[in-house]
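Please read it beside the sequence and the model.

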Amino acid sequence: IPKVAYRLKQKNYNFKWYIIGKGDMDYALEKQIEKLNVENNVILLGEKKNPYGFFEDCDIYIQTSRQEGYGITVAEAKCFYKPIISTEFAGIYDQIEDGKNGLIVPFDEEELEIAIEEIIGNNYIREKFRKELIMENIDTGYQMNKIFELLG
(Lines give C-alpha, C1' and ligand atoms only; values in the text may rest on other atoms or scores of the structure.)
Protein backbone atom coordinates (compact mmCIF):
# COMPACT_ATOMS: atom_id res chain seq x y z
CA ILE A 1 0.00 0.00 0.00
CA PRO A 2 2.66 2.61 0.84
CA LYS A 3 4.49 1.96 -2.43
CA VAL A 4 1.31 2.30 -4.47
CA ALA A 5 0.41 5.43 -2.51
CA TYR A 6 3.85 6.86 -3.21
CA ARG A 7 3.45 6.27 -6.94
CA LEU A 8 -0.01 7.85 -6.97
CA LYS A 9 1.29 10.82 -4.98
CA GLN A 10 4.07 11.29 -7.55
CA LYS A 11 1.35 11.57 -10.19
CA ASN A 12 -0.31 14.34 -8.13
CA TYR A 13 -3.40 12.40 -7.09
CA ASN A 14 -5.02 13.90 -4.00
CA PHE A 15 -6.19 11.04 -1.77
CA LYS A 16 -6.36 9.52 1.69
CA TRP A 17 -6.00 5.76 2.06
CA TYR A 18 -7.35 4.65 5.43
CA ILE A 19 -6.32 1.27 6.77
CA ILE A 20 -8.54 -0.23 9.44
CA GLY A 21 -7.39 -3.18 11.54
CA LYS A 22 -4.31 -4.50 13.23
CA GLY A 23 -1.83 -7.10 12.15
CA ASP A 24 1.66 -8.50 12.43
CA MET A 25 2.96 -6.08 9.81
CA ASP A 26 1.81 -2.84 11.48
CA TYR A 27 5.25 -1.70 12.60
CA ALA A 28 6.86 -2.42 9.22
CA LEU A 29 3.96 -0.73 7.47
CA GLU A 30 4.31 2.35 9.65
CA LYS A 31 8.05 2.55 8.92
CA GLN A 32 7.48 2.17 5.17
CA ILE A 33 4.85 4.93 5.25
CA GLU A 34 7.36 7.23 6.98
CA LYS A 35 10.21 6.26 4.64
CA LEU A 36 8.14 7.03 1.54
CA ASN A 37 6.75 10.22 3.07
CA VAL A 38 3.11 9.27 2.55
CA GLU A 39 1.97 9.91 6.13
CA ASN A 40 -0.62 12.40 4.87
CA ASN A 41 -1.96 9.89 2.36
CA VAL A 42 -1.88 6.53 4.16
CA ILE A 43 -3.47 6.63 7.60
CA LEU A 44 -3.40 3.65 9.96
CA LEU A 45 -6.56 3.73 12.06
CA GLY A 46 -6.10 0.51 14.02
CA GLU A 47 -9.10 -1.51 15.09
CA LYS A 48 -12.51 0.12 14.90
CA LYS A 49 -15.54 -1.21 16.70
CA ASN A 50 -17.83 0.13 14.00
CA PRO A 51 -16.15 0.74 10.62
CA TYR A 52 -19.39 1.45 8.75
CA GLY A 53 -18.92 5.22 8.77
CA PHE A 54 -15.70 4.69 6.84
CA PHE A 55 -17.48 2.51 4.29
CA GLU A 56 -20.15 5.18 3.91
CA ASP A 57 -17.60 7.95 3.38
CA CYS A 58 -15.13 6.19 1.10
CA ASP A 59 -15.04 6.57 -2.67
CA ILE A 60 -13.33 3.24 -3.39
CA TYR A 61 -12.84 0.11 -1.31
CA ILE A 62 -9.55 -1.71 -1.84
CA GLN A 63 -8.86 -5.21 -0.52
CA THR A 64 -5.16 -6.10 -0.60
CA SER A 65 -5.09 -9.69 0.59
CA ARG A 66 -2.61 -12.32 -0.44
CA GLN A 67 -4.88 -15.07 0.83
CA GLU A 68 -8.26 -15.03 2.42
CA GLY A 69 -11.40 -17.10 2.48
CA TYR A 70 -14.67 -15.26 2.22
CA GLY A 71 -13.80 -11.56 2.65
CA ILE A 72 -16.32 -10.12 5.11
CA THR A 73 -15.09 -6.56 4.49
CA VAL A 74 -15.67 -7.01 0.76
CA ALA A 75 -19.26 -8.07 1.50
CA GLU A 76 -19.62 -4.99 3.72
CA ALA A 77 -18.27 -2.69 1.00
CA LYS A 78 -20.76 -4.23 -1.42
CA CYS A 79 -23.60 -3.26 0.94
CA PHE A 80 -22.50 0.36 0.61
CA TYR A 81 -22.31 0.07 -3.21
CA LYS A 82 -18.68 1.17 -3.32
CA PRO A 83 -16.45 0.45 -6.30
CA ILE A 84 -14.24 -2.43 -5.19
CA ILE A 85 -10.71 -3.25 -6.23
CA SER A 86 -9.32 -6.47 -4.85
CA THR A 87 -6.15 -8.40 -5.24
CA GLU A 88 -6.61 -11.95 -6.39
CA PHE A 89 -7.30 -14.57 -3.72
CA ALA A 90 -9.47 -17.68 -3.77
CA GLY A 91 -12.51 -16.28 -1.95
CA ILE A 92 -12.82 -13.08 -3.97
CA TYR A 93 -14.33 -14.90 -6.94
CA ASP A 94 -17.36 -15.74 -4.78
CA GLN A 95 -18.10 -12.03 -4.42
CA ILE A 96 -16.67 -10.07 -7.34
CA GLU A 97 -17.01 -10.66 -11.04
CA ASP A 98 -14.05 -8.84 -12.56
CA GLY A 99 -15.19 -5.94 -14.71
CA LYS A 100 -18.86 -6.38 -13.80
CA ASN A 101 -19.13 -5.32 -10.14
CA GLY A 102 -15.48 -4.61 -9.31
CA LEU A 103 -11.92 -5.18 -10.39
CA ILE A 104 -9.68 -8.11 -9.46
CA VAL A 105 -5.95 -7.67 -9.98
CA PRO A 106 -2.88 -9.78 -9.23
CA PHE A 107 -1.07 -9.03 -5.97
CA ASP A 108 1.22 -6.57 -7.72
CA GLU A 109 1.91 -2.88 -7.02
CA GLU A 110 1.74 -1.80 -10.65
CA GLU A 111 -1.49 -3.69 -11.34
CA LEU A 112 -3.10 -2.21 -8.23
CA GLU A 113 -1.97 1.28 -9.21
CA ILE A 114 -3.44 0.87 -12.71
CA ALA A 115 -6.77 -0.34 -11.29
CA ILE A 116 -6.97 2.58 -8.86
CA GLU A 117 -6.25 5.05 -11.66
CA GLU A 118 -8.91 3.38 -13.80
CA ILE A 119 -11.54 3.73 -11.08
CA ILE A 120 -10.52 7.29 -10.16
CA GLY A 121 -10.46 8.47 -13.76
CA ASN A 122 -13.57 6.79 -15.09
CA ASN A 123 -16.97 7.97 -13.83
CA TYR A 124 -18.69 5.48 -16.14
CA ILE A 125 -17.02 2.43 -14.57
CA ARG A 126 -17.62 3.68 -11.02
CA GLU A 127 -21.31 4.17 -11.77
CA LYS A 128 -21.52 0.82 -13.58
CA PHE A 129 -20.10 -1.02 -10.55
CA ARG A 130 -22.37 0.91 -8.17
CA LYS A 131 -25.49 0.08 -10.19
CA GLU A 132 -24.50 -3.59 -10.45
CA LEU A 133 -24.02 -3.78 -6.67
CA ILE A 134 -27.41 -2.16 -6.10
CA MET A 135 -29.05 -4.71 -8.42
CA GLU A 136 -27.28 -7.59 -6.66
CA ASN A 137 -28.58 -6.32 -3.33
CA ILE A 138 -32.13 -6.03 -4.68
CA ASP A 139 -31.93 -9.56 -6.13
CA THR A 140 -30.55 -10.94 -2.85
CA GLY A 141 -33.24 -9.14 -0.84
CA TYR A 142 -35.93 -10.46 -3.16
CA GLN A 143 -34.57 -14.00 -2.85
CA MET A 144 -34.44 -13.74 0.96
CA ASN A 145 -38.05 -12.50 1.08
CA LYS A 146 -39.15 -15.49 -1.06
CA ILE A 147 -37.31 -17.88 1.29
CA PHE A 148 -39.02 -16.30 4.34
CA GLU A 149 -42.40 -16.58 2.58
CA LEU A 150 -41.80 -20.28 1.94
CA LEU A 151 -40.79 -20.85 5.54
CA GLY A 152 -44.01 -19.17 6.63
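## A buried lysine

Lys-82 is buried (under 20% relative accessible area) and has no salt bridge, a term that requires a side-chain nitrogen of Lys or Arg within 4 Å of a carboxyl oxygen of Asp or Glu. The nearest side chain of opposite charge, Glu-56, is 5.4 Å away, whereas the side chain of Lys-82 reaches the backbone oxygen of Cys-58 at 2.9 Å. Lys-82 lies in the loop between α4 and β4 (84-87).

## Basis of the model

This is a predicted model, in which local features need pLDDT of at least 70 and side-chain atom pairs count only at pLDDT 80 or more, while totals for chains, interfaces and linings use all residues. Residues are numbered from 1 along each chain as its sequence is written, and side-chain values use heavy atoms, with hydrogens and water left out.

## Salt bridges

The structure holds 11 salt bridges. In one of them, the side chains of Glu-109 and Arg-7 meet at 3.9 Å, N to O; Glu-109 lies in helix α5 and Arg-7 in helix α1, so the pair ties together parts that are 102 residues apart in sequence. Glu-109, at 35% relative accessibility, counts as partly exposed (between 20% and 50%, with a 1.4 Å probe and protein chains only), and Arg-7 is partly exposed as well, at 29%.

Glu-117 and Lys-11 form a salt bridge at 3.2 Å, N to O, which links helix α5 to the loop between α1 and β1, 106 residues apart. Lys-31 and Glu-34 pair at 3.5 Å, N to O, and both lie in helix α2, three residues apart, about one turn of the helix.

Methods: Helix = DSSP H or I, 4+ residues; strand = E, 2+ residues; numbered from the N terminus. Lys, Arg positive; Asp, Glu negative; His and termini not counted. Polar contact = N/O pair within 3.5 Å; in protein donor to acceptor, adjacent residues only side chain to side chain.
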